[in-house]
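Let's take a friendly walk through a protein model together. Keep the picture in view as you read.

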Amino acid sequence: MMFRACEREQEATEAIRSGRWPLGCEPELRAHVEGCRQCRETVLLTAAFQEARIESSAADPLPHPGLLWWRAQLRRRNAAMERVSRPLAGAHVLALVINVVALAAIFAWQARHGVRWLAWWQDVQQELSGVDWLAWMHGASLVGMLVLGTLALLGGVAAWLVADR
């Protein structure tokens, strides 16, 4: 089976491309397109393609390929840096834990063998039953402040470590 082109197909296509279709062209061309299946399909497809071309040209233009390549390289480099920094963050946390344990061990050793930092605790235990609680709390407020300050410092370090990730 051989396909033959309609002699008015080119004329209908030209009318669409020039923007004359359907109101600006001759009535006999419109009548022909309504009767000819090949011209009708050509007009339908050409109009659809032209509309799609107009819509795509109205859309935002694609960025320059060099910019796309640069962004991809930057994304790849950032992903590699993140992969490398994960073990480093773990090493930072491990070092912090080791330092806290070492500091606690030093304080415990000094309390038992050193300058007797906890000697006041024995006095508190001996006089606990006869002590006025309000006065005792006033004396112990320094220790409470030190404990709260240490907790605040450790909380700040923990927040810094979490925010650093």
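Which helix holds both E41 and R37, and how many residues apart are they? Both lie in helix 3, four residues apart, which is about one turn of the helix. Helices here are DSSP runs of H or I with at least four residues, numbered from the N terminus.

Before going further, a word on the model: it is predicted, so local features need pLDDT of at least 70 and side-chain atom pairs count only at pLDDT 80 or more, while totals for chains, interfaces and linings use all residues. Residues are numbered from 1 along each chain as its sequence is written, and side-chain values use heavy atoms, leaving out hydrogens and water.

**Salt bridges**

The structure holds three salt bridges. A salt bridge is a side-chain nitrogen of Lys or Arg within 4 Å of a carboxyl oxygen of Asp or Glu.

| Pair | N to O distance |
|---|---|
| R8 and E11 | 3.2 Å |
| E41 and R37 | 3.3 Å |
| E82 and R86 | 3.4 Å |

E82 and R86 sit in helix 4 (residues 65–113), again four residues apart, about one turn of the helix.

How open are these residues? For relative accessible area, buried means under 20%, exposed means over 50%, and partly exposed lies in between (1.4 Å probe, protein chains only). R37 counts as exposed because its relative accessibility is 58%, and R86 is exposed at 52%. E41 is partly exposed at 38%, E82 is partly exposed at 47%, and E11 is partly exposed at 33%.

**The nonpolar core**

Now look inside. The largest nonpolar core has 10 residues: C6, A12, A15, I16, C25, L29, V33, C36, C39 and V43. Such a core is a set of buried Ala, Val, Leu, Ile, Met, Phe, Trp, Tyr and Cys residues joined through side-chain atoms within 4.5 Å. Helix 1 (9–17), helix 2 (27–35) and helix 3 (37–58) each supply at least two of its residues, and helix 1 gives the largest share, three residues.

C39, a member of this core, is in contact (heavy atoms within 4.5 Å) with C6, R8, E9, H32 and V33, leaving aside its neighbours within four places in sequence. R8 is also the salt-bridge partner of E11.

V143, M145, V147, L148 and L151 make a nonpolar surface patch of about 480 Å². Nonpolar patches join side chains of Val, Leu, Ile, Met, Phe, Trp and Tyr within 5 Å, using residues with over 30% relative accessible area and no salt bridge. V147 is found in helix 6 (residues 133–164) and is partly exposed, with a relative accessible area of 45%.

How values were computed
Patch = residues over 30% accessible without salt bridge, like charges linked within 9 Å, V, L, I, M, F, W, Y side chains within 5 Å. Areas by Shrake-Rupley, 256 points an atom, 1.4 Å probe, with all protein chains shown as cover.
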